[in-house]
Amino acid sequence: MPKGYDFISDSPPMYRQSRHTTFEHDSHTALAKLHTFTVDDLPPHKWRNHMYEFEAWLQAEMLKPNAQVSTDLTQFSARFGGILRDWWISLGEYIQALFIQIPDFNQALYLLYDEFCRLPHLYEDQFRYHRQTTIGRKFFVGGNWKCNGTNEEVKKIVNVLNEGQVPSQDVVEVAISPPFVFLPVVKDLLRPDFHVAAQNCWVKKGGAFTGEVSAEMLLNLGIPWVILGHSERRLILNESNELVGDKVKYALSQGLKVIACVGETLEQREAGSTMDVVASQTKAIAERVSDWSNIVLAYEPVWAIGTGKVATPAQAQEVHSELRKWLHANTSPEVAATTRIIYGGSLNGANCKELAAQPDVDGFLVGGASLKPEFIDIIKSAEVKKNA
Ligand code: PGA
């Protein structure tokens with residue numbers, strides 16, 4: 001513990017009460033387990049083992065009633081365990097109290113960070129860094145215009161976007177994805193705080209590939225983003241998981257940022273294989289890519305795309321949280337904690353807020369509604385996160 005800081009008396013008043021209360025209910029086994037982590041001067045690889053143990057303990061002991069919170073806390077503890085070793089016991093007790101008292105994970109996490117940021121300046125930089133990376137998954141909203149629009153319509157939509165009042169760029173990142181032929185005009189006319197994205201690109205360097213558009217061309221036009229693996233391309237144009245993985249790898253290698261789409265069909269969901277499907281789609285990317293910092297993962301259940309049948313917040317949260325667990329187990333805790341997982345499928349101005357409030361929903365990929373003024377309301381739903 002840093003000198004001069006008392007977790008109980010220095011905590012904001014609203015938590016003092018909760019911490020005292022919870023201490024009385026602490027299970028002896030749990031506390032005994034925590035005490036085993038206060039070993040000083042362990043070599044780094046041992047800390048790693050302890051981190052994993054701590055993580056497992058958190059999951060098993062602390063948050064049994066709420067699976068959703070436990071998923072997030074897994075990433076949280078994995079990131080923080082190492083640098084918090086001096087306060088290991090206090091941390092465990094503190095988190096326990098906080099998360100029992102405040103069921104909303106994001107809210108609890110913000111408060112936890114605020115508290116940590118008040119700790120001696122020695123640790124401030126680490127906390128700021130981790131705060132940014134762990135809960136700094138900036139809300140992302142993509143507008144996928146698909147194969148729609150005329151020259152006149154495109155200008156009208158861009159006008160609406162340009163006039164829309166939306167949260168600032170540090171709250172939400174927006175990317176508009178018109179068909180290839182309109183990319184230059186949209187890029188020229190669109191407000192500078194919105195990015196432009198292509199809807200696809202070729203799997204390797206351009207050349208004799210009739211009808212294709214290469215990543216190099218997009219970069220040449222100053223287009224920073226590309227959507228890859230959309231279900232309409234997977235299903236109608238037979239793009240395999242492997243092809244999509246190769247495309248993601250090549251686009252990233254050229255410096256593009258990628259919105260990579262995954263999602264199950266209705267038959268797959270009804271057969272109970274949703275997670276297998278999205279995991280193998282994600283695996284084909286993970287096998288080819290190690291740096292995920294320029295990937296946004298879009299979960300778009302095929303049965304929800306263009307059908308008016310939006311996933312319920314619980315359905316979306318469940319898959320997003322499972323995907324994050326998958327990333328945690330198969331890439332790294334950092335990738336799991338920082339990769340934005342956005343939802344797509346029949347999203348509109350009316351249903352976006354409830355979905356945005358889900359802890360693992362980091363934004364949206366919007367089809368039909370991105371052609372309408374309500375797209376502005378969808379962008380505004382980022383505020384839900386900010387105020388969480
Ligand atoms: P939708 O499409 O919003 O029209 O359902 C979403 C998408 O395909 O990205």
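A: Ser346 is buried in this predicted model, because 20 other C-beta atoms lie within 10 Å of its own and the cut-off for a buried residue is 20 or more. Its phi is near 55 degrees, a positive value in a residue other than glycine. Ser346 belongs to the loop that runs between strand E7 (340–344) and helix H17 (352–356).

Another loop residue, Lys146, also deserves attention. Lys146 is not a glycine, yet its phi is positive, at about 55 degrees. The loop that holds Lys146 lies between strand E1 (139–144) and helix H8 (151–163). Here 18 other C-beta atoms fall within 10 Å, so Lys146 counts as partly exposed; that class covers residues between the limits of 12 or fewer for exposed and 20 or more for buried.

Of its 388 residues, 41% count as buried. Among contacts in the chain with a separation of 6 or more, 72% join residues 24 or more positions apart.

In soluble globular proteins, nonpolar side chains tend to be buried together. The largest nonpolar core of this model comprises 80 residues. Within that core, the residues that touch the most other members are Val141, Ala197, Val226, Ala251, Val258, Ile259 and Ala260. For Val258, leaving aside residues up to four places away in sequence, the contacts are Val226, Leu228, Val248, Ala251, Leu252, Asn294 and Ile295.

Val248, one of the residues touched by Val258, also takes part in a helix pairing, that of H12 with H14. Helix H12 (residues 241–254) packs against helix H14 (residues 274–286) at an angle of about 40 degrees, and their axes are 8 Å apart. This angle makes H12 oblique to H14. The crossing of the two helices is right-handed. On the H12 side, the contact is formed by Asn241, Glu242, Val244, Gly245 and Val248, which meet Ser280, Gln281, Ala284 and Ile285 of H14. By class, this contact between H12 and H14 has 4 nonpolar, 4 polar and 1 charged residues.

Terms used:
Residues numbered from 1 in each chain as written. Predicted model: local features only at pLDDT ≥ 70, side-chain atom pairs only at ≥ 80, totals over all residues. Axes fitted to C-alpha atoms, helices over the stretch in contact; angles between N-to-C directions. Helix = DSSP H or I, 4+ residues; strand = E, 2+ residues; numbered from the N terminus. Parallel < 35°, antiparallel > 145°, perpendicular 65-115°, else oblique. Left-handed = near helix turned anticlockwise from the far one by under 90°. Contact = placed C-beta atoms within 7 Å. Nonpolar A, V, L, I, M, F, W, Y, C, P; charged D, E, K, R; others polar. Core = buried A, V, L, I, M, F, W, Y, C linked by C-beta atoms within 7 Å.
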